[in-house]
Amino acid sequence: MKKYLINQDDTVRVGQSIYKIDPNSPETSFLVHTTALKNYENRLIKNGVDAEIFHAGNDQNTTALMQGDIIASKQEPRIAFILISNQLMSLHEAKYALDAYSENRNPNVVSLPSPSPSPQIEQEYNKRADQLDKDISTVKALIENAENEGYETIDGVMYGASHTWREIAQMALDLADQQEWIERYEDKYCE
């Protein structure tokens with residue numbers, strides 16, 4: 001769980017809802033809600049995040065949000081919202097609900113089945129898992145080539161082992177990102 005202080009011109013997108021600081025009343029509830037005109041669902045799935053902060057409203061410059069993250073205004077940080085499910089809820093309202101639950105010594109706990117991924121998310125998982133396997137094989141082959149100080153030919157140009165090691169390092173970072181997405185998927189959908 002992280003707390004993010006957003007600027008006046010930043011927006012928070014949760015699903016198809018866009019939240020922005022109301023410049024007319026930053027001291028009160030401060031968030032204004034509108035519906036997004038562009039469909040961001042595929043992007044959320046691909047990035048494996050629950051919501052995003054658009055810096056200065058730019059959807060190319062974003063910060064990922066996960067469940068339990070807190071959003072507050074830099075101008076009024078005491079008013080905060082927490083990301084729960086597909087909504088931003090006032091932190092004070094969420095606190096009352098959590099306090100009421102924690103005070104109940106014998107709560108009725110009902111174990112629900114794990115959520116099932118949508119076909120679109122499952123397809124993305126399969127695609128990423130296949131790509132991860134291919135990339136691991138490629139990295140293994142590149143490591144063997146670099147260890148033998150072999151040359152790599154790309155577009156008719158020969159590159160030495162140092163170029164191969166740089167490529168291996170970049171691919172390793174990409175593999176880490178892919179593995180992180182797969183782990184988040186498995187944490188969410190596979191107990």
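Biologist: What percentage of the residues in the protein chain is buried?

Modeller: This is a predicted model, where local features need pLDDT of at least 70, side-chain atom pairs count only at pLDDT 80 or more, and totals for chains, interfaces and linings use all residues. Residues are numbered from 1 along each chain as its sequence is written, and side-chain values use heavy atoms, with hydrogens and water left out. Buried means under 20% relative accessible area, exposed over 50% and partly exposed in between, with a 1.4 Å probe and protein chains only. Of the 191 residues in the protein chain, the buried share is 35%.

Biologist: Which element of the protein chain has the highest mean pLDDT?

Modeller: pLDDT is the predictor's confidence in each residue, from 0 to 100. The chain averages 80, with 88% of its residues at 70 or more. Helices (H or I, at least four residues) and strands (E, at least two) are DSSP runs, numbered from the N terminus. Helix 2 (residues 91-103) has the lowest mean, 74, and the highest, 91, belongs to helix 3.

Biologist: Is T138 buried or partly exposed?

Modeller: T138 sits in helix 3, which covers residues 119-147. T138 and I168 are 30 residues apart in sequence, with their C-alpha atoms 9.0 Å apart. The relative accessibility of T138 is 36%, so T138 counts as partly exposed.

Biologist: Which strands stand at the edges of the open sheet of five strands?

Modeller: Two strands pair if DSSP finds at least two bridges between them. This open sheet has antiparallel pairing and the order 4-3-2-5-6. The edge strands each have a single partner, so one side of each lacks a neighbour in the sheet: they are strand 4 (31-35) and strand 6 (62-65).

Biologist: Which residue is the bridge partner of V14 in strand 3?

Modeller: Strand 2 (residues 11-14) and strand 3 (residues 17-21) run antiparallel, joined by four bridges. Leaving out residues up to four places away in sequence, it touches V12, H33 and T34, where contact means heavy atoms within 4.5 Å. V14's partner is S17.

Biologist: And the hairpin: which residue in the turn between strand 8 and strand 9 has a positive phi?

Modeller: Strand 8 (residues 80-84) runs antiparallel to strand 9, with four bridges joining them. F81 stands opposite S90, and S90 is on the covered face of strand 9 (residues 87-90) along with L88, while Q87 and M89 are on the uncovered one. The hairpin has two residues between its strands, and the one with a positive phi, about 60°, is S85.

Biologist: Now the aromatics: is the pair of W181 and Y185 stacked or tilted?

Modeller: Rings of Phe, Tyr and Trp (its six-membered ring) pair if their centres lie within 6.5 Å; planes under 30 degrees apart count as stacked, over 60 as edge-to-face and the rest as tilted. The structure holds three aromatic pairs. For W181 and Y185 the centres are 5.9 Å apart and the planes at 15°, so the pair is stacked.

Biologist: What about the rings of Y185 and Y189, stacked or tilted?

Modeller: Both lie in helix 4, four residues apart, about one turn of the helix. Y185 is buried at 8% relative accessible area, and Y189 is buried at 14%. Their ring centres are 5.0 Å apart with planes at 55°, so the pair is tilted.
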